[in-house]
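Me: I would like to go through this structure slowly, asking at each step what a term rests on. Could you set each value beside its definition as we go?

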Amino acid sequence: MRKYIFRRVLASLLTLFVVITLTFFMMRAIPGGPFTDEKAIPSFVLEKMMSRYGLNDPLYVQYGRYLLNVMRLDLGPSYRYEGMTVNELIAGSFPISAVVGSIALVLALIVGIPAGIISALKRGKLPDRFAMILATLGVTVPNFVVAAALVYIFAWRLGWVTVGFWEGISTAILPAVTLAGYPAAFISRLVRSSMLEVLQQDYIRTAYSKGLSGRAVVYVHALKNAVIPVITYIAPLTAGILTGSFVVEQVYGVPGLGTFFVTSITNRDYTTIMGVTIFYSALLVSFNLIADVCLAFIDPRIKLK
Amino acid sequence: MYDAELFLPLSREEKTDAEMMRPSRTYWQDVRERLMRDKLAVLGLLVIVLIVALAVFGPVLSPYEYDAQDFMMSNEPPSGAHWFGTDMFGRDIFVRVLYGARISLAVGFLASFISLFIGVIYGGISGFTGGKTDNIMMGIVDVIYSVPMMIYVILLMVVVGPGLKSIFITLGISYWAPMARIVRAEVMRLKNEEFILAARVLGASPGRILLRHLIPNAMGPILVTLTFSIPGAIFTEAFLSFVGLGVSAPMASWGVLSSDAVGSLAIYPWQLFFPAGAISITILAFNFLGDGLRDALDPRLRK
């Protein structure tokens with residue numbers, strides 16, 4: 001077990017290293033320097049800025065420095081927000097995204113799992129059909145469309161909520177619902193198919209033959225194995241919620257990290273783009289790692305691989 | 001004494017008449033028949049054909065140009081003259097959606113084919129060579145898998161700059177990992193079969209075995225993955241356009257059209273409804289077709 005975790009941690013660190021390297025050199029490959037702007041900056045000012053940010057050093061020196069800084073969790077200064085570091089910028093906007101994202105995650109799980117179970121138990125009947133139609137729609141309709149539709153209905157038509165600014169939890173609900181749509185649909189399909197498979201296994205028949213009630217069999221014995229794919233899905237799920245937040249936050253005017261990332265792209269704020277990319281990747285890689293380790297604890301078959 | 005008549009040889013017609021035989025069919029004929037029995041898959045296929053036809057011929061047949069502005073007619077609701085209404089520049093939304101279909105579909109198909117090409121070659125080599133090479137190549141794929149792709153696509157788009165060509169390239173070189181994995185698994189499964197041994201005995205080169213024997217036999221899973229990756233690419237393009245990294249005006253994909261319409265959603269909701277509906281229907285159709293194809297190719301999977 002310890003060896004498995006060690007290997008996984010090592011692999012995650014390797015992934016992060018690749019991510020940092022890739023991001024660094026990609027940003028350097030952009031034609032034009034980070035200070036190329038519509039209005040030309042006087043050359044002596046440019047020179048000053050280049051030397052201040054250490055951009056005149058050879059590339060490998062810059063790369064080494066950046067790598068070292070990232071290891072010390074320092075993502076460097078922002079090129080556009082004077083006097084702000086990328087760390088501060090992330091610290092300012094990420095909590096908002098985290099609130100919205102966590103609500104979405106919880107929503108996706110508490111809607112997706114029961115829907116999948118019911119669907120599997122009532123296979124081919126009306127509830128199953130209904131749930132699967134919804135789930136198919138959930139994975140096919142782009143989330144910015146869902147966002148726009150919800151804004152139109154709840155903000156403009158019904159006037160129940162306000163959008164365009166941040167007021168804490170009450171303004172987090174609609175974005176969270178939007179973000180939860182796709183993962184909830186995906187989870188319900190996942191749970192349905194794995195539940196159907198689990199219910200056909202021998203140990204379920206054994207459980208029934210011991211005289212256990214149907215409820216106990218389904219919720220205690222079957223569910224435990226049926227949610228395993230959901231755990232594997234947690235990392236991509238987080239990824240989906242994170243990337244979904246780019247557009248969803250924009251539509252709802254939520255000042256989270258997603259909005260901020262998109263703004264830094266339009267602003268060509270290179271250090272911020274790099275910093276946020278690395279931050280997102282680190283977050284995902286950690287979620288992946290957690291999911292893998294949890295899985296190894298839950299499912300002893302994993303260790304055999 | 002015997003009756004000589006009883007021992008006459010049968011005529012050919014009589015012989016075949018008694019035989020219990022069906023015409024032999026190839027695997028693909030079988031697949032086609034199973035696919036045609038799947039109503040949703042057929043529906044998906046029909047919708048895709050219809051959308052492709054509309055994308056190709058629609059803009060030619062329409063009386064409007066996709067970039068013709070008419071400020072006297074801006075923001076008109078749907079009517080007989082403008083089926084889907086007009087946008088803020090008075091451009092006909094119907095023809096813009098049709099034109100957008102060209103771009104969105106082109107992105108979907110081309111990007112998927114690029115990633116198909118890379119994935120098949122990569123996965124084929126990895127699976128066929130095996131051993132250490134395979135370990136290293138699949139290690140790389142594992143790393144790519146754990147990288148949040150969408151963020152990298154955005155990053156790549158920032159690097160290569162917005163535009164249609166950049167989208168093809170970016171999506172093509174980003175999403176080949178799933179294809180590589182599937183092709184590798186298929187090649188691993190097939191490479192020890194007897195027909196491969198036979199080819200090897202006949203002196204076929206490894207390249208020939210891979211391209212002429214292994215990959216054609218892996219076509220089923222490749223096709224299914226392709227069917228699912230096309231809507232994925234359309235989706236990603238819409239997303240990129242929405243973030244402002246898509247094709248540039250006056251060209252418009254469905255993503256650009258939706259993105260433009262969100263600003264005026266409160267007043268002119270139909271401007272969003274049509275492009276968004278087009279995206280959703282297309283993705284849905286590809287999903288139906290993909291599901292049907294998967295079942296048709298491997299009937300054991302059908303539950």
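Me: How do you know that the span of helix H4 (residues 86–121) of chain A agrees with its number of residues?

Reply: This is a predicted model, in which local features need pLDDT of at least 70 and side-chain atom pairs count only at pLDDT 80 or more, while totals for chains, interfaces and linings use all residues. Residues are numbered from 1 along each chain as its sequence is written, and chains are lettered from A and ligands numbered from 1 in the order in which they are written. The expected span of a helix is 1.5 Å times one less than its number of residues, so the 36 residues of H4 of chain A should span 52 Å, and because the end C-alpha atoms are 50 Å apart, the two values agree.

Me: Where does H4(A) bend, and what is meant by a bend?

Reply: The bend at a residue is the angle between axes fitted to the seven residues ending there and the seven starting there. In H4(A) this angle is about 35 degrees at A:Phe94, and a proline, A:Pro95, follows within four residues.

Me: What makes up the secondary structure of chain A and of chain B?

Reply: Helices (H or I, at least four residues) and strands (E, at least two) are DSSP runs, numbered from the N terminus. By that rule chain A comes to twelve helices and zero strands, while chain B comes to 13 helices and zero strands.

Me: Why is B:Leu164 called partly exposed?

Reply: A residue is buried if 20 or more other C-beta atoms lie within 10 Å of its own, exposed if 12 or fewer, and partly exposed in between, with C-beta atoms placed from the backbone. B:Leu164, found in helix H7 (residues 164–174) of chain B, has 17 other C-beta atoms within 10 Å, and is therefore partly exposed. Of the 303 residues of chain B, 42% count as buried.

Me: Which residues does B:Leu164 touch, and what counts as a contact?

Reply: Two residues are in contact if their C-beta atoms, placed from the backbone, lie within 7 Å. Leaving out residues up to four places away in sequence, B:Leu164 touches B:Ile103 and B:Val247.

Me: How many residues of each chain are in contact, and what kinds does chain B supply?

Reply: In all, 30 residues of chain B are in contact with 35 residues of chain A. The side of chain B that touches chain A divides into 24 nonpolar, five polar and one charged, where Ala, Val, Leu, Ile, Met, Phe, Trp, Tyr, Cys and Pro count as nonpolar, Asp, Glu, Lys and Arg as charged, and the others, Gly among them, as polar.
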